[in-house]
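Dear colleague,

Please find the structure below. My notes on it follow.

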Amino acid sequence: MKRKINIPALFTVLVLAGTSISMAFTGGIGKAGHATPDDKDTDIVMKYLPGEIRDTTAFYEELKAKQRTDMRAKINLMTRSYGDSVVLRWAVDDYVAWKYLNRVGITIVRMDEKTMEEDTLVLGLKPATLDEFRALYPEDDSIAGLAMGSLYNLDQMTPDQTKDEEGSMGSFYEISQDQQLQYGVAVLTSEWRQDLANRLAMRFVDRTAKKGSYYSYFVRPAVYDSTNRVPIRVGVKDSVQNVKFKPEPFDVQLSDSISYPNGIFITWEDRVFSSYEVERREAGGKWQRLTQRPYIIMNGVTGGDCFFSDHVDKPGTYEYRVFAHDPFGELTSPSPVHSVTIKDMVPPTPPRLTWIEIDRRNEDDPSKEVFANIHFVKDTLEADFVGCVPMYFHERITEGKWRPLVDKPLAPTDTMVTVDVTNLVTGQLVMAAYDTAQNVSYSIPQLLRVSDMKAPEPPTGLRAETSIVLDPDTSENSYGLITLSWHPLVSDDIDYYEVVFANDSTHEFMARKNGIVTGDTVFVDTVAVDVNQKYIYYKVRAVDYSTNVGEFSDMLQVLRPSAVPPTVAHLDSSYVDGKGIYMHWIVGSDEQMAYHNVYRRLIDSDKEWTLLRRCDGDSVKAKNNYIDFTDVPPVNSDEEYVYAVESFNFSGVSSGLSLQFCTRFVGETVFEAPIKLFASYDEDKKMTRLAWEASKLPEGKDWYFCIWRQGPDDDRFKFLLSAEPSERDFTDFLLNAGETAHYYIQIQMEDGRESEPSNIVTIKAPVK
């Protein structure tokens, strides 16, 4: 978008800039290298440019500080040398000082810093007269018109034109702002054109300066105000060497965004310059100037963000660069080139749907093999047109999105397409037209009327869980809950599920109260817990959005929740031996028997029962309702073991504990502890020597070895004596010459248990 500079628009910018215009001019010279103003000669370093927003409060604080230090307006001087000449540019701080200088003129003095000689370069330099302006510039030169208008107050505001009452502080302030704006226009136009800077008496070229020499320049009023009402400080620039000017690069980074088809928005950030020129070219082509006049960012008060809006005729790759107008009326070097690629964003002309025909090809079942013949036309076939695609929309079926009905675009010349709509219902249809850049346009939507004649499939996976709810006040059984669930159908055409029940599989099924399930596959039924029926039966079917009713699921038989306690078990028989405790329990044959728990505890030591086994109810029924249970508890001769059985039905209701069975268990009375016995007879000492080896001995000291002997007069083995666990030999003096004796050894526990006997050895005393 190209912007033309006009006086009202420019004044809008300058109003925002306020009275900082002339001082902003000085701050903008920072890009001129050695021409930067000498900070030691400036009370306030200005950092604002024409067109930038500045904090009004901060500005007045600066102004007050300046007024406290020096009431004089300064001539802000800058220079630029070219080797064969030196250009001087200046601007005074405010409108009043500027008007005074225009009236009395400006004197410029140069001093050679080597010889210290002074030369007056010009005396009483004044702006061109109004007649000179009109003679030099045509009426259609708008930039010259701006300079002339600002200089000679062609649009000056009068007191009766202010918003506030004439003579009030508000009217004075408004007129002051208007005057400062006029001065700002003069500063801006002096930056844009050197000839206007000369005519405005804001520029002077020293063509007599010697190459390489150093000079000091002084710019002052030709006549000082004798009343001291307009005090002006001299503008001074020291150590100006007349060498060839080396321009600095305009180092700004351009960026872009695509604002609309073929519309490009170029942005850059710059806090130095006030106006620009923008150029564009097709990649590798010739540069074209897009700005007819110096381009001012109309909201350049954004703090440094600059922009330019452009429009190209066709997609492609384009390059941009930006120049800035510097205070010396010259353009900077171009910015780095920025490349922008514009893609085709113009969609093809939309097609028109003419008519839609529904074709049901299966006469036996009209719900199957349903097709739609879609007729359409497209009046214009663009060169980049690819083809059309039929698109279908249904809030539920397509989840609120348009879905294509074909895999790829139709041929560009097609005017009819047949699509399978067997699984669709009435919805919206459009024809979408695509081009090679994937731009798309759409026809006006029409209804695709498809009558749904297909019933849903029967649900599967029907299952149930039962429980009993207790009355919170009485803690008694209140009612039973049956939670039914099933697999959801794959079809997204299901409106709701219907649950039906019967108390017998041969009865007619009826709709359950509140048995309509919408958006879920779970149904909770409430049943009584004190009825005679053992089972209740359920089935489920689906109904779609077109009121087609599906087949029922398979029938599910559910055992009713029961609050009746099961029959209590009782012990039929039992016995105890060294290997365990054997019990034979009889339990109830209740149909709702779920399982039986067998418990044990020590009669004195255990406070809680230990669950030994859980027996499945059906498995116990298969064994004629008997539980044969053998327990091998830890040996405990001090306390009795207590056993009981508790039965539960499918609702978790307990029968309570059976009568308890008590018994002791001491374990095996004979245990294995292998002992090998050896024997010999000592003829000299006339004695029998016994020795033995033993393994797997009991732990602790509550046992000993027992020696058994059957002498010549004994009809059986008799206990002879005992030996400590540490002993392994024994001497017997009881056998006489010619007699025979038999021996074996056995371990005896203090609790009465004993080991298997060792081998038997026989000793016969010889006769001499």
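How many helices and strands are there in the chain? The chain has nine helices and 47 strands, where helices (H or I, at least four residues) and strands (E, at least two) are DSSP runs numbered from the N terminus.

This is a predicted model, in which local features need pLDDT of at least 70 and side-chain atom pairs count only at pLDDT 80 or more, while totals for chains, interfaces and linings use all residues. Residues are numbered from 1 along each chain as its sequence is written, and side-chain values use heavy atoms, with hydrogens and water left out.

The chain as a whole

Of the 768 residues in the chain, 46% are buried; buried means under 20% relative accessible area, exposed over 50%, and partly exposed in between (1.4 Å probe, protein chains only). Among contacts (heavy atoms within 4.5 Å) with a separation of 6 or more, 65% are between residues 24 or more positions apart.

Helix α4

Helix α4 covers residues 95-104 and is largely enclosed by the rest of the structure, because seven of its ten residues are buried. These are Y95, A97, W98, Y100, L101, N102 and V104. At the start of α4, the backbone nitrogen of V96 has a side-chain oxygen of D94 within 3.4 Å. G105 follows α4 and has a positive phi, near 90°.

Aromatic rings

Rings of Phe, Tyr and Trp (its six-membered ring) pair if their centres lie within 6.5 Å; planes under 30 degrees apart count as stacked, over 60 as edge-to-face and the rest as tilted. The count by this rule is 23 aromatic pairs. One of them is F133 with Y152, which is edge-to-face because the planes are at 75°, with the centres 6.4 Å apart. F133 lies in helix α5 (residues 130-136) and Y152 in the loop between α6 (142-151) and α7 (169-192), so the pair ties together parts 19 residues apart in sequence. F133 is buried, at 1% relative accessible area, whereas Y152 is partly exposed at 30%. Elsewhere, F250, W268, F273 and Y276 form a cluster linked by ring pairs.

Charges over rings

A charge sits over a ring if NZ of Lys or CZ of Arg is within 6 Å of the ring centre and within 35 degrees of the ring normal. R361 has its charged end over the ring of F371, 3.8 Å from the centre. K539 lies over the face of F509, 4.3 Å from the ring centre.

Regards

Methods:
A polar contact is a pair of N or O atoms within 3.5 Å; within protein, one must be able to donate a hydrogen and the other to accept it, and residues adjacent in sequence count only if both atoms are side-chain atoms.
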